[in-house]
Amino acid sequence: MPTTSGQLTAGIDVGSSAVKVAIAFSDGGREGKLVFKACERIRRRNVHQLVERMFEDACAQTQISRGDFAYVASTGDADAASFATGHFYSMTTHARGALYLEPKARAALDVGALHARAIKFDDRSKVLSHRMTSQCASGSGQFVENIARYLGVPLEDAGALSVKAEGCEQVSGICAVLAETDVINMVSRGVPTGDILKGIHVSIAGRLARLLRAIKVQGAMMVTGGLALDEGLVTALRDAFKADKGDPLEVVTHPDSIYAGAIGAALLGAFRHVQLQRRGRTLGGVEINSARNASAG
Amino acid sequence: MKVFVGIDLGSTTTKAVLLDETGQIMGRGITNSRSNYEVACAVARDEAMTSARFHYLARALQELNGPAADAARAFESRLLGAFRLELYLDELAALRARITELVETAGARAPLSVREAISDILDEMEQSAPSLFLENEGRRSDFFRDLAGAAFLTAAEQISSTRGLRFEALAWPFDRAILDIETELRELDFKAVLSRAARRVGAQASGDNSLASALEKIGHQHLEEASFVGTGYGRQTLPFPKAAVRSEILCHGRGAHRLFPGTRTVLDIGGQDTKAIQVDERGVVTSFQMNDRCAAGCGRYLGYIADELSLGLHELGPLALKSCNPARINSTCTVFAGAELRERLALGEKREDILAGLHRAIMLRAMSLLARSGGVSQEFTFTGGVCKNPMACRVLKELVDENYGNQLTINIHPDSIYMGALGAALFALDDWRAGEPHLLRISQQKSSGVSEREPSACVECT
């Protein structure tokens with residue numbers, strides 16, 4: 001169903017623990033609407049097969065054939081989606097996705113399973129500055145997942161328990177692995193589960209707030225990535241900025257914010273498609289891919 | 001007779017070493033650390049006292065002559081098994097009482113069918129206990145928690161499937177009860193347990209007087225604790241008198257120096273920290289570097305990897321040794337290494353190759369710690385729980401050869417895990433000689449050692 005008034009594009013965001021697929025119908029990536037979205041955890045499966053199958057499912061459910069897409073954009077792990085027309089850096093896709101979901105956002109905080117990234121951008125989603133965690137999982141989603149596992153709490157419930165907690169019990173160190181001993185001690189001392197989770201959220205939020213402050217983010221910031229739906233973390237982030245003087249950072253979320261990367265990729269794909277057409281180049285997947293390989297090499 | 005006690009309270013295990021007045025090692029004891037640190041210390045010390053007494057018995061039996069001697073010596077090895085069995089049965093009885101109490105007050109959570117099933121599980125555990133100790137099977141662990149846990153879960157699995165009960169409905173009382181049992185202090189009446197053990201293996205029936213008198217002697221042997229020093233991960237939270245506490249660094253340096261007097265560099269890789277220590281010719285620490293902020297490079301790193309692969313910790317090293325083509329691991333963080341492991345497995349790399357790479361990664365962290373502490377000098381001693389891992393030892397040897405030349409002597413002692421406790425006991429002997437001994441007094445308290453610490457206030461929440 002390609003029409004002259006817009007482009008149908010897909011974005012595939014391959015993260016370290018989940019794959020997100022979004023399909024958008026947009027006007028060269030500017031105005032548009034989300035047609036389809038899906039998210040699946042990778043667990044121990046083969047990523048290539050999972051990506052292939054999820055895209056197949058997306059096409060089947062929306063009754064769009066592969067040839068109808070003006071552009072299929074990958075982001076995150078580029079190798080996993082070999083059939084994509086082109087690739088975008090996850091920084092730009094998260095910025096674009098966050099701006100699409102919340103027009104007043106001027107920053108995105110992408111909290112994934114292994115890494116967290118603070119991205120500052122302008123009103124056209126151009127990335128101005130960024131900062132990310134590097135060698136350590138202490139500010140990542142895996143930290144929450146591990147603690148939830150030690151506590152025997154399903155990951156989906158961790159946020160709600162943390163928000164309801166009356167107290168807050170922080171672990172002594174920063175290491176996501178050594179925290180296990182602290183947590184076991186807390187449990188044997190009878191500290192409520194919610195208080196322990198709250199402590200973990202506060203500790204992660206403190207580290208993420210430092211990332212955001214380092215790039216001097218102002219105005220509204222959208223939380224994206226897998227932990228965007230963890231209300232415990234979002235609450236802790238709001239608390240971390242509440243005490244700031246002047247204009248405290250506004251922390252915003254959106255029900256679709258975990259798809260921000262995939263949405264951004266789809267929109268940027270449409271934009272690139274229009275740009276290439278304007279330059280009068282034929283849009284052959286081979287040509288784009290070879291261009292990509294040349295720049296990567 | 002006087003004994004000098006050193007206790008090393010680690011994050012995973014608690015170790016005790018006993019010395020006599022001349023500084024000879026008399027006994028060693030080890031137990032799992034638990035939330036009540038006092039009880040962990042008391043159990044480790046009791047274990048060490050027991051091992052000291054059996055040490056005496058072995059010596060006394062060696063002096064025996066005549067036809068009875070061989071029989072007596074054969075009997076001795078069985079006696080230790082029987083002694084352990086009696087201790088196990090005592091603990092099991094306490095566990096049974098606690099579990100029964102729990103399920104009787106649980107109401108709807110434990111209907112009659114569950115209560116009966118649990119009672120049958122405990123019967124089954126009692127019946128299978130002798131085979132655990134009296135047959136020459138290699139036990140994976142001597143800790144009650146591990147032994148009873150394995151036995152309970154095996155029996156529970158079987159009974160839940162034959163009677164159509166939910167496994168979780170049978171398993172929860174154990175998890176609750178074991179915490180209480182573990183943190184409760186029980187006095188060890190050595191003489192009574194020994195005579196029960198002797199009766200079990202039929203010592204009295206043999207009518208051998210020399211044996212009976214030797215047994216009588218070790219039962220009566222009075223071991224007087226003359227002085228005590230504590231160290232370890234939990235030293236800040238223990239109710240030890242301040243003067244009876246020495247730092248882990250000092251104790252590990254001293255202990256390693258005692259067993260290997262040529263030692264100048266010590267590497268200790270424990271459960272939650274790694275230490276590189278330089279000592280002088282008298283065993284006094286001159287410089288050290290330590291990592292206890294991050295699990296990368298500690299024993300816990302290997303533990304996490306073992307959990308990822310659903311393997312036992314002791315299986316990692318032998319498996320990694322099979323590798324011909326070790327992988328190059330890029331991650332530092334333990335969590336990232338776990339993710340990299342999953343990724344590499346998904347790409348079809350061999351388990352042993354990835355494991356070999358992970359072992360290399362942890363030892364590289366240790367090497368950088370060693371370099372910062374002042375390098376490796378002749379002789380080099382490797383201690384801590386990780387030195388039980390053959391792959392870790394091999395990689396360390398390779399790395400030391402690569403970086404510091406292959407002229408160095410590397411000491412790895414099978415009892416390396418006791419090094420910290422040995423150092424502490426040596427300090428206890430020093431204190432006694434200087435006329436300033438301290439004693440370990442353990443009071444029966446319900447509260448755990450940790451709870452005595454002020455709960456750390458959370459600034460953000462108040």
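**Notes on the predicted model**

1. Over all chains, a search of the whole structure finds 37 salt bridges. The model is a predicted one, and the distances below should be read accordingly.

2. B:Arg98 takes part in two of the pairs reviewed here. With B:Glu101 it forms a salt bridge at 3.2 Å, N to O. B:Glu101 is partly exposed, at a relative accessible area of 45%.

3. B:Arg98 also forms a salt bridge with B:Asp180, where the closest N and O atoms are 2.5 Å apart. Because B:Asp180 is in helix H5 (residues 167–182) of chain B and B:Arg98 is in helix H2 of chain B, this pair ties together parts 82 residues apart in sequence. B:Asp180 is partly exposed, with a relative accessible area of 23%.

4. Helix H5 of chain B also holds B:Glu182, whose partner B:Arg145 lies in helix H4 (residues 144–163) of chain B, so the pair ties together parts that are 37 residues apart in sequence. B:Glu182 is buried, at 5% relative accessible area, whereas B:Arg145 is partly exposed, at 33%.

5. In chain A, a network of salt bridges links A:Glu40, A:Arg45, A:Arg53 and A:Asp57.

6. At the interface, 27 residues of chain A are in contact with 25 residues of chain B. The area buried between the chains is about 2,400 Å², with carbon and sulfur atoms giving 59% of it. One salt bridge is counted between chain A and chain B: A:Glu180 with B:Arg300, with the closest N and O atoms 2.5 Å apart. Four residue pairs are in polar contact between the chains, both residues being at pLDDT 80 or more. On the side of chain A that touches chain B, the elements giving two or more residues are helices H3 (141–151), H5 (179–189) and H6 (193–214) of chain A. H5(A) gives the largest share, five residues. By class, that side has eleven nonpolar, eleven polar and five charged residues.

7. The largest nonpolar core has 72 residues, of which A:Leu208, A:Leu237 and B:Val335 touch the most other members. H6(A) gives the largest share of this core, ten residues. Beyond its neighbours within four places in sequence, B:Val335 is in contact with residues including A:Leu114, A:Ala137, A:Val177 and B:Tyr304. Another core, of 41 residues, lies apart from it; among them are B:Leu267 and B:Met367.

Notes
Residues are numbered from 1 along each chain as its sequence is written. Chains are lettered from A and ligands numbered from 1 in the order in which they are written. This is a predicted model: local features need pLDDT of at least 70, side-chain atom pairs count only at pLDDT 80 or more; totals for chains, interfaces and linings use all residues. Side-chain values use heavy atoms; hydrogens and water are left out. Contact means heavy atoms within 4.5 Å. Buried area is the accessible area (1.4 Å probe) that two parts lose on being put together, summed over both. A salt bridge is a side-chain nitrogen of Lys or Arg within 4 Å of a carboxyl oxygen of Asp or Glu. A polar contact is a pair of N or O atoms within 3.5 Å; within protein, one must be able to donate a hydrogen and the other to accept it, and residues adjacent in sequence count only if both atoms are side-chain atoms. Helices (H or I, at least four residues) and strands (E, at least two) are DSSP runs, numbered from the N terminus. Ala, Val, Leu, Ile, Met, Phe, Trp, Tyr, Cys and Pro count as nonpolar, Asp, Glu, Lys and Arg as charged, and the others, Gly among them, as polar. A nonpolar core is a set of buried Ala, Val, Leu, Ile, Met, Phe, Trp, Tyr and Cys residues joined through side-chain atoms within 4.5 Å. Buried means under 20% relative accessible area, exposed over 50%, partly exposed in between (1.4 Å probe, protein chains only).
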